[in-house]
There are 2 protein chains.
Amino acid sequence: MFNASSTAEPQEPRSGKLFAKPWTADVSRVRSFWGSVERFPPGGNLIGRLRNGPKQVVVLSGWACDMWILPDGRRQIFSLFVPGDHIDIRQNSGVAARSFVALTRLEVIDRRRLANGGTEPVNLPQAPSFEETEDRHFVQMVRLGQLSGKERMLHLFLELYERLSAVGLSKDGSFRFPLTQEVMADALGLSIVHVNRTLQQLRREGLVEVRSGTVTLLQRGRSAALALYQGASPAQLV
Amino acid sequence: MFNASSTAEPQEPRSGKLFAKPWTADVSRVRSFWGSVERFPPGGNLIGRLRNGPKQVVVLSGWACDMWILPDGRRQIFSLFVPGDHIDIRQNSGVAARSFVALTRLEVIDRRRLANGGTEPVNLPQAPSFEETEDRHFVQMVRLGQLSGKERMLHLFLELYERLSAVGLSKDGSFRFPLTQEVMADALGLSIVHVNRTLQQLRREGLVEVRSGTVTLLQRGRSAALALYQGASPAQLV
DNA sequence: CGAGACTTTGACCGTAGTCAATTTATGTGG
DNA sequence: CCACATAAATTGACTACGGTCAAAGTCTCG
């Protein structure tokens, strides 16, 4: 289970040259200290391995999301999880089927292991409070309910940039972005075709650059204004 | 503060004839036992009276909502609160201004008062768990992100019907609905004009009837199917 | 009865969805 | 390292859902 080995060593940390910073360093330490890192392939279902009740994990590398699938196949992604994020994996209490899915190769570690198991303390990000989790959901509701396609996309990019920056996974406005346009569509409540066209529009307008799985925000200040993005303090937006 | 009196005696319980059931009965008892019921006018801001930190209240009568207002004036309502609902009133942790607003005349009571103050126990609804609150938000995200205008509206009506039924505030598919179309628009992420037209469409199709502040769901089963509504068990949907 | 709040309507426009085909990666086996 | 199969991105043509603007009705309430 933990020795998928050899070919392993997932991609994110590999680019340590480009994106080296605080938490990234700890990740490799965590990985070497415990053999208890859980790995999932793209599309892997995080709930599958649940034994007794919910479980809190921290993402070491890769991306994941949680979502609902409607009876007719439509999907809504509620939030994206990136390295450093805490995921509170649990079965959905209601009728609809909430699921947690890996979007890339994914490494997570059980929080309890980190808490008691370790000899050396690790700079893991704090678990988000209930309010912070809720706020993130509110932001998603605002995107879905009030923003246009173009605004939604910029808004999401800005949020991801900010979150990835917090763990050292960005550099000068750019960050690795391993999601397909289909996933973006499900997260933003848009059709895949429209995601594609909107992306091109943003490129034409010189707001973002998307090349080989890397997104670059070229005018963060202007983008934030356009998308009514309020996440970061204006200062951070260059 | 609590003796707004005389003209008071809000509307919901007045219609006790039509909508009498479990919890409604207790409401009048609560109201008479304690003078500590807080009242707000339509549009009243529930946060205004916060003294020390957050506060949990239960709605005795009237409707409320929580929302964000974007810098350019757009509004997104996250959830609607009806009689029996618990509201966890608190300042927003992030940048944007979350606010809790009364949508009609509103009566709430502090949960702590109910807990220790009372001589006689009251059948108050249980406080929702974290998961239940979260689920409600997920439902809202699905509505905003995946459903069409018509679907959203039906879906919301069905949810409200189910919730109001739980506290005895419905009868044969109908319930009091004191919201303006503008509020519906903000809750559903639609324009006010489109809300109006969609409403008429639903009427023409014989799915709902809206007369003088009362909504009647004429074909709950079909509506649930149309709107992919999964809240209640199929049995309940007649 | 008049003022203001809500609802309704018409005309028109633009964002976003659908369908279907094409091009461009990506990946795998030989 | 090439050929083929598959996934992902892109394009075109067309449609329709939903937004905007502005005006006209309705309803409430003092």
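Me: Where is the place of B:L228?

Reply: This is a predicted model. Phi of B:L228 is near 55 degrees, a positive value in a residue other than glycine. B:L228 comes after a helix of chain B. Its place is in the segment after α8 (220-226).

Me: Is B:L228 buried, partly exposed or exposed?

Reply: Buried needs 20 or more other C-beta atoms within 10 Å, and exposed needs 12 or fewer. B:L228 has 18 other C-beta atoms within 10 Å, so B:L228 is partly exposed.

Me: What is phi of A:L228?

Reply: A:L228 is found in the segment after α8 (220-227) of chain A. A:L228 is partly exposed, with 18 other C-beta atoms within 10 Å. Most residues other than glycine have a negative phi. In A:L228 phi is positive, near 55 degrees.

Me: Which symmetry relation holds between chain A and chain B?

Reply: Chain B can be laid on chain A with an RMSD of 0.0 Å.

Me: Which element gives the most to the side of chain B that touches chain A?

Reply: The contact takes 27 residues from chain B and 29 residues from chain A. On the chain B side, β4 (75-81) and α4 (130-146) each supply at least two residues. By class, that side has 12 nonpolar, 10 polar and 5 charged residues. With 12 residues, the element that gives the most is α4(B).

Me: Now the DNA. Which element gives the largest share of the surface near DNA strand D?

Reply: 17 residues surround DNA strand D, and the closest are A:T180, A:Q181, B:G149, B:S191 and B:H194. Two or more residues come from each of α6 (181-188) and α7 (192-204) of chain A, and from each of α5 (149-166) and α7 (192-204) of chain B. The largest share is 6 residues, from α7(A).

Me: How many residues of the surface near DNA strand D are polar?

Reply: The surface near DNA strand D holds 5 nonpolar residues and 3 charged ones. The number of polar residues there is 9.

Me: Which element gives the largest share of the surface near DNA strand C?

Reply: 16 residues surround DNA strand C, and the closest are A:S148, A:G149, A:S191, A:H194 and B:Q181. At least two residues come from each of α5 (149-166) and α7 of chain A, and from each of α6 (181-188) and α7 of chain B. By class, this surface has 4 nonpolar, 9 polar and 3 charged residues. The largest share is 5 residues, from α7(B).

Me: How far does α5(A) reach from its first C-alpha to its last?

Reply: α5(A) has 18 residues. At 1.5 Å a residue, the expected value is 26 Å. The reach in the model is close to that, at 26 Å.

Me: Which residue with positive phi follows α5(A)?

Reply: Within α5(A), the buried residues include A:R152, A:H155, A:F157, A:Y161 and A:R163. The helix is followed by a residue whose phi is near 75 degrees. That residue is A:G168.

Conventions. Residues are numbered from 1 along each chain as its sequence is written. Chains are lettered from A and ligands numbered from 1 in the order in which they are written. This is a predicted model: local features need pLDDT of at least 70, side-chain atom pairs count only at pLDDT 80 or more; totals for chains, interfaces and linings use all residues. Copies are superposed by least squares on the C-alpha atoms of residues with pLDDT of at least 70 in both. A residue is near a molecule or strand if its C-beta atom, placed from the backbone, lies within 6 Å of it. Helices (H or I, at least four residues) and strands (E, at least two) are DSSP runs, numbered from the N terminus. Ala, Val, Leu, Ile, Met, Phe, Trp, Tyr, Cys and Pro count as nonpolar, Asp, Glu, Lys and Arg as charged, and the others, Gly among them, as polar. Two residues are in contact if their C-beta atoms, placed from the backbone, lie within 7 Å. The expected span of a helix is 1.5 Å times one less than its number of residues.
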